[in-house]
Amino acid sequence: MGLVIGITGGIGSGKSAVTRRFEDRGITVVDADLAARVVVEPGRPALAAIAGHFGADILLADGSLDRAALRQKVFADDSERLWLEQLTHPLIGQEIRDQLQAADSPYVILASPLLLETSQGDLADLVVVVDVPEEVQLQRTVARDNNDEAQVRRIMAAQMPRQARLDKADIVIDNSRSLEELDGVVAELHKEFLARAELGGG
């Protein structure tokens, strides 16, 4: 496994806008959210365990997971969230490691909202935090996901506090400015990461 750049940020910070720009430069992005979807696909043991725990009404008509219903249950009850995390985090971790191993770009990006809260952070040689003020997080997420403000605040409260995330960052991207400025920031970081990868990472 070559140089791994971890990218994280709170909900609504614009991580995907950042990772898309790296993908446009031919860099493989391993997305922990997508890995999390893979491990609960129909036919996977995790989905059967979730349905056994929460009941069959957590499934959609086609047998797949009703993610919105699950989100409501786990963000309303910390003990349920912990149960779900203990089931899925090891499986997600293995899926991520497999995808990182298979990547063939000069360096690889691991995009994860839980990079710093889980052992996923151990897989990254450098941690990049995408940051915006909390009010911006709130506005963007309410507009994007059609969630009510209280639900978004609960999700934000369950995530690592903004300052704690910034304290753990090797690099911070301020994503409250224009997309043109973001293009420039990513272009510079891409050059830096290519240089680090040629030197052998880290």
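**Entry 1: helices α6 and α7**

I began with the contact between two helices, in which Glu 134, Glu 135, Gln 137, Leu 138, Thr 141 and Val 142 of α6 meet Glu 149, Val 152, Arg 153 and Met 156 of α7. Sorted by class, this contact comprises four nonpolar, two polar and four charged residues. I note here that the model is a predicted one.

I then looked up the geometry. Helix α6 spans residues 134–145 and helix α7 residues 149–158; their axes lie 10 Å apart and the packing angle is about 130°. Angles over 145 degrees would count as roughly antiparallel and those from 65 to 115 as roughly perpendicular, so α6 and α7 are oblique to each other. I recorded their crossing as right-handed.

**Entry 2: the sheet**

I next traced the strands. Five of them form an open sheet in the order β2-β3-β1-β4-β5, and the pairing is parallel. Which strands are at the edges? They are β2 (28–31) and β5 (171–174), each of which pairs on one side only. On average, neighbouring strands in this sheet are turned by 25° against each other, with direction ignored.

Strand β4, residues 126–131, runs parallel to β5 and is joined to β5 by four bridges. Asp 131 stands opposite Asp 174 of β5.

**Entry 3: helix α1 over the sheet**

I looked up where α1 lies relative to the strands. Helix α1 lies across β1 (3–8), β2, β3 (107–111), β4 and β5, and runs at about 150° to β1.

I searched the whole structure for aromatic pairs and found four. One of them is formed by Phe 22 and Tyr 107, edge-to-face, with 6.4 Å from centre to centre and 85° between the planes. This pair links distant parts of the chain, since Phe 22 belongs to helix α1 and Tyr 107 to strand β3, 85 residues apart.

**Entry 4: helices α1 and α9**

The axes of α1 (residues 15–23) and α9 (residues 179–198) come within 10 Å and cross at roughly 55°. The two helices are therefore oblique to each other. I recorded that α1 passes α9 in a right-handed crossing.

On the α1 side, the contact is made by Ala 17, Val 18, Arg 21 and Phe 22; on the α9 side, by Leu 179, Leu 182, Asp 183, Val 186, Leu 189, His 190 and Phe 193. By class, I listed eight nonpolar, one polar and two charged residues for the contact of α1 with α9.

Methods
Residues numbered from 1 in each chain as written. Predicted model: local features only at pLDDT ≥ 70, side-chain atom pairs only at ≥ 80, totals over all residues. Heavy atoms only, no water. Axes fitted to C-alpha atoms, helices over the stretch in contact; angles between N-to-C directions. Parallel < 35°, antiparallel > 145°, perpendicular 65-115°, else oblique. Left-handed = near helix turned anticlockwise from the far one by under 90°. Contact = heavy atoms within 4.5 Å. Nonpolar A, V, L, I, M, F, W, Y, C, P; charged D, E, K, R; others polar. Pairing = 2+ DSSP bridges. Phe/Tyr/Trp six-rings, centres within 6.5 Å; stacked < 30°, edge-to-face > 60°.
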